[in-house]
Amino acid sequence: MPLRSSRLFFTALSRAGLQTIPKGLTRPFSNMSKLPTDTRPIVVSGPSGVGKGTLLQLLFSRHPDVFAFSVSHTTRDPRSGEVHGVHYHFVPMKDFEDLIDANGFVEHAKFSGNRYGTSKMTIEEQSAKGKVVVLDIEMEGVKQIKNSDIPARYVFVAPPSEEILEKRLRGRGTETEESVQKRLTQAKRELEYSKTPGVHDIIIVNDDLETAYKQLDDFIYKSA
């Protein structure tokens, strides 16, 4: 990386708050017996409201010290209860665009006027610690990682039906009607894309939480 680009890259990382690693994700890797045979990053995608976050919380709680969540950057405002550096790195649009210019993202996308992205540094830092990196990203991010040189395994989490997905979105109580409609429109695109042969290694329908979790766990820990 040329000196100027390198300086821009690390300046943008600093301004975007990337050095703040979530507490609980930096403990020493201590349980080698739980490490999956296949340690490539795991890319989890699916429509907003499908329950990806709940599944990943189970994964992390049942396999402590094995996985590291890749905390994405976003320009949107935090929702109630969301913490900077834990749920997202909440950054101004200018800082986000500086990271784009510095080639600091492995993937990034714009949705509903806000930007979302996964930084290269996050993946590299956690992989170097012996962790299996988990990425929770949108459809456009999946496409970009597919076209990158990062090896990964791909999981798509689908709702039992579009009607149930809509009910879950409205049940949050945090979405405006306009936001719900945008997310439902995007969900249709993601569900259609998930049918493309070879895009995902597994599609999990999140109808019953424990059943869906077992499918996720079995997939991650299956022999390579």
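Exposed residues are those with over 50% relative accessible area, and buried residues those with under 20%. These legends describe a predicted model.

**Figure 1. Overall content of the predicted model.** The protein contains eight helices and nine strands. Of its 224 residues, 48% count as buried. Among contacts between residues at least 6 apart in sequence, 70% join residues at least 24 apart.

Figure 2. Helix α2 spans residues 52-62, and its buried residues are Lys52, Leu55, Leu56, Leu58 and Leu59. Seen down the axis of α2, these buried residues fall within an arc of 155 degrees, so they line one face of the helix. An α-helix has 3.6 residues a turn, so residues three or four places apart point the same way. The face of α2 turned away from the buried side carries Gln57 and Ser61, both exposed. The cover over the buried residues of α2 includes the strands β1 (42-45), β2 (67-69), β7 (132-136) and β8 (153-158), together with helix α8 (209-221).

**Figure 3. The open sheet of five strands.** The strands follow the order β2-β7-β1-β8-β9, and their pairing is parallel. The edges are held by β2 and β9 (202-205); each has a single partner strand, so one side of each is left without a neighbour in the sheet. From one strand to the next, the twist averages 25 degrees. Helix α8 packs on this sheet, where α8 touches β1, β2, β8 and β9. The direction of α8 makes about 160 degrees with that of β9.

**Figure 4. Pairing of β8 with β9.** Four bridges join β8 and β9, which pair in the parallel sense. In one of the bridges, valine 155 has isoleucine 202 of β9 as its partner.

**Figure 5. The open sheet of four strands.** The order of this sheet is β4-β3-β6-β5, and the pairing is mixed. Strands β4 (89-90) and β5 (105-111) stand at the edges with a single partner strand each, so one side of each lacks a neighbour in the sheet. Between β3 and β4 the pairing is parallel and comprises two bridges. The bridge partner of histidine 73 is histidine 89, in β4.

Figure 6. Serine 70 lies in the loop between β2 and β3 (73-74). Its relative accessible area is 2%, and serine 70 is therefore buried, the cut-off being under 20%. Apart from neighbours within four places in sequence, the residues in contact with serine 70 are Thr118, Thr122, Ile123, Val133, Val134 and Leu135.

**Figure 7. Packing of helices α6 and α7.** Two packed helices are described by the angle between their axes and the distance between the axes. The axes of α6 (residues 162-171) and α7 (residues 177-193) come within 10 Å and cross at roughly 145 degrees. This crossing of α6 and α7 is right-handed. On the side of α6, the contact is made by Glu162, Leu165, Glu166, Leu169 and Arg170. Helix α7 contributes Glu177, Val180, Gln181, Arg183, Leu184, Ala187, Lys188 and Leu191 to the contact.

Terms used
Residues are numbered from 1 along each chain as its sequence is written. This is a predicted model: local features need pLDDT of at least 70, side-chain atom pairs count only at pLDDT 80 or more; totals for chains, interfaces and linings use all residues. Side-chain values use heavy atoms; hydrogens and water are left out. Buried means under 20% relative accessible area, exposed over 50%, partly exposed in between (1.4 Å probe, protein chains only). The arc is that of the directions from the helix axis to the C-beta atoms. Contact means heavy atoms within 4.5 Å. Two strands pair if DSSP finds at least two bridges between them. Axes are lines fitted to C-alpha atoms, for helices over the stretch in contact, and angles run from 0 to 180 degrees between N-to-C directions. A crossing is left-handed if the near helix is turned anticlockwise from the far one by less than a right angle, and right-handed if clockwise.
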